[in-house]
Amino acid sequence: MAADLSHLSAAEIARLVRTRALSCREVAQGFLDGASLDQKIGAFLRLDPETTLAEADRAQEMVDAGVGGPLAGVPVAVKDNLSTEGIETTCASRILEGYIPPYDATVVTKLREAGAFVFGKTNLDEFAMGTSGENSAYRTTKNPWDLSRTPGGSSAGSAAAVAAGLAPVSLGSDTGGSIRMPAALCGVVGFKPTYGRASRYGLVAFGSSLDQVGPFARSVEDTALLAGAITGHDENDSTSLPSAPITFSADGSLRGKRIGVPQELMGEGIDAGVRARVEEALETLRQEGATVETISLPSIALGVSTYYILAPAEASSNLARFDGVRYGPRIEGEGHIGTVARTRGRLFGSEVKLRIMVGTYVLSAGYYDAYYTKALAVRERMKEEFLAALDSYDFIASPASPLPAFPLGSLSNDPLALKLLDFCTIPANLGGFPAISIPCGFTEGLPVGLQLLAAPGEDEALLSSAHAAERALPPIGRPSP
Amino acid sequence: MAISLDEVRHVATLARLELDETEVARFQGELNAILGHFHDLDGLDFSGLDPATVAVPLTDVMADDVPGMTLPRQEALRNAPLAKAGLFLVPMIIEE
């Protein structure tokens, strides 16, 4: 199959498959052929031709039966912290090496119901803990725009795969910015739905009150297509909202929309080039009829501390299950507890162990109120502050990342430096708000992402306006790695 | 508020993480850096804020008490590092 399908959008592929211009197998083979580029990028942990073609055949059966679905024949790369039945799922950790889930995550089941098929498992920071993609135990993913730089994290592979055309769309997860940060650094669209709209069943839990699954794509339209397929109430997730799946309207307009820009996210700590691109983008939105005003949300300054108390606390509990007893490798130690401790000590990476210890510490007797209870109160205050602003404004806008893609290895020796980069994205997770990053230009040849955030449940309005913004902003083009 | 090496070892024990002494020393430095950052929460007024916050407006979500599909035991044991007779095998926990 010589045709290069890498430029096709998910919407185009679905149309070509539904009209029988392409078969699902041809689509799968086309992207498998294109996967040789991954030798340079390192987006995938696993991409097996036989499994992929079998998946494509299953999708074709649906098309032949007349139940193709809105994502008919679309290959979707899936972050390796999402359970896929029969396909090894490692969360980029050695402690899950060889683990083959006996079930699919709900979002994976829903993808297939929409006619799509799983196209490989993508690389991430181990257990989704990271901002640069450099914490994987298996490989380093590179930014397709500059192979010496990070793609961002934790959904590094999912973002890079879409940016490089290795897959038209992908799924990631976002706990403190893990979809929006790599989307910004890789020049693609990344969307985190309102907390509770996409099921977390089958997403390996990191921070249960913060995690959400979301799509990456090269357009807001494709993003919305995937978001529609994976959202909706799920009985298997007790935090799943009784909301309907996300719908999309392509004729949104920015006219009359009110956008608040927190001064705390446009000042200190923001790269000058990033700020310039975001200011230009906001000026473009003004020309489209939006009112754009500076606001102040002081709680933003406390976001990093609040998040890095709450997320590790939840992680310390969620990762207790990895003990070498029921799945993954086991390393023998003295007795049962010794075996558990040695398995975890040797097979978890450093960053994971650090966060488990932070979480254990802040939850331990004597420190619980000093840290954890305080963080919960700040979280409440931040949510109230943002909701008050969203009473007066339709959206809150800012950079998605304070920096463009940075050189591999440049920040990994400082335990705090990478975490501090999360300050633009963290509020959406703490408050459960839907938020999206769309490309808005370049600084020194590297993509810049504009983040838009809305009130809980306003996913449709957010996607519709993001689409209008995307139409008005300069096109991003494709990298040539 | 500096964390001592003993406290690091204690936390590692609580978290069931076996660390060598090099790691203990390294984590002491990293934990101190992170805990130090948390000082920006000191001295804030939290009166009037209920810390019992929930992420979504849902409470007491229960499944209906009806039988449904469960994981067959064979499937559940498939990934076990050590299994026998339908059981996960672990080193002895309680000595006689």
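How many nonpolar, polar and charged residues make up the lining of the largest pocket? The lining divides into 15 nonpolar, 10 polar and 10 charged residues, where nonpolar covers Ala, Val, Leu, Ile, Met, Phe, Trp, Tyr, Cys and Pro, charged covers Asp, Glu, Lys and Arg, and polar covers the others, Gly among them.

A note for every view: this is a predicted model, with local features needing pLDDT of at least 70, side-chain atom pairs counting only at pLDDT 80 or more, and totals for chains, interfaces and linings using all residues. Residues are numbered from 1 along each chain as its sequence is written, chains are lettered from A and ligands numbered from 1 in the order in which they are written, and side-chain values use heavy atoms, leaving out hydrogens and water.

**View 1. The largest pocket holds about 1,000 Å³ of space.** Of its 35 lining residues, A:Ser83, A:Tyr99, A:Tyr103, A:Tyr201 and A:Gly202 are the closest to the centre. Two elements give two or more residues to the lining: helix 5 (106–113) of chain A and helix 3 (73–77) of chain B. Helix 5 of chain A gives the most, with four residues. (On a 1 Å grid over the protein atoms alone, a pocket is an open set of points where a 1.4 Å probe fits, with protein on both sides within 12 Å along at least five of seven lines; lining residues have an atom within 4 Å of a point. The volume is the space filled by probe spheres set on the points. Helices are DSSP runs of H or I with at least four residues, strands are E runs of at least two, and both are numbered from the N terminus.)

**View 2. A:Ser154 sits in the loop between strand 3 (117–122) and helix 6 (156–163) of chain A.** With a relative accessible area of 0%, A:Ser154 is buried (under 20% relative accessible area, using a 1.4 Å probe and protein chains only). Its side chain makes a 2.9 Å polar contact with that of A:Lys79 (a pair of N or O atoms within 3.5 Å, one able to donate a hydrogen and the other to accept it; residues adjacent in sequence count only if both atoms are side-chain atoms). A polar atom of the A:Ser154 side chain also lies 3.4 Å from the backbone oxygen of A:Ala128.

View 3. At the N-terminal end, A:Asp271 is the cap, with a side-chain oxygen 2.9 Å from the backbone nitrogen of A:Gly273. Among the buried residues are A:Val274, A:Val278 and A:Leu285. Their cover includes strand 7 (258–262), strand 8 (291–295) and helix 16 (459–472) of chain A. Just after the helix, A:Gly289 takes a positive phi of about 105°.

**View 4. A:Thr239 lies in the loop between helix 8 (220–230) and strand 7 of chain A.** A:Thr239 counts as buried at 17% relative accessibility. Its side chain has polar contacts with the side chains of A:Arg200, at 3.1 Å, and A:Asp237, at 2.6 Å. Leaving aside neighbours within four places in sequence, A:Thr239 is in contact (heavy atoms within 4.5 Å) with residues including B:Val56 and B:Leu58.

**View 5. A:Lys419 belongs to helix 14 (residues 417–420) of chain A.** A:Lys419 counts as buried at 4% relative accessibility. A polar atom of the A:Lys419 side chain lies 2.9 Å from the backbone oxygen of A:Pro415. Not counting residues up to four places away in sequence, A:Lys419 touches A:Glu351 and B:Ile34, among others.

Definitions and conventions: Buried < 20%, exposed > 50% of the residue type's maximum accessible area, 1.4 Å probe, protein only.
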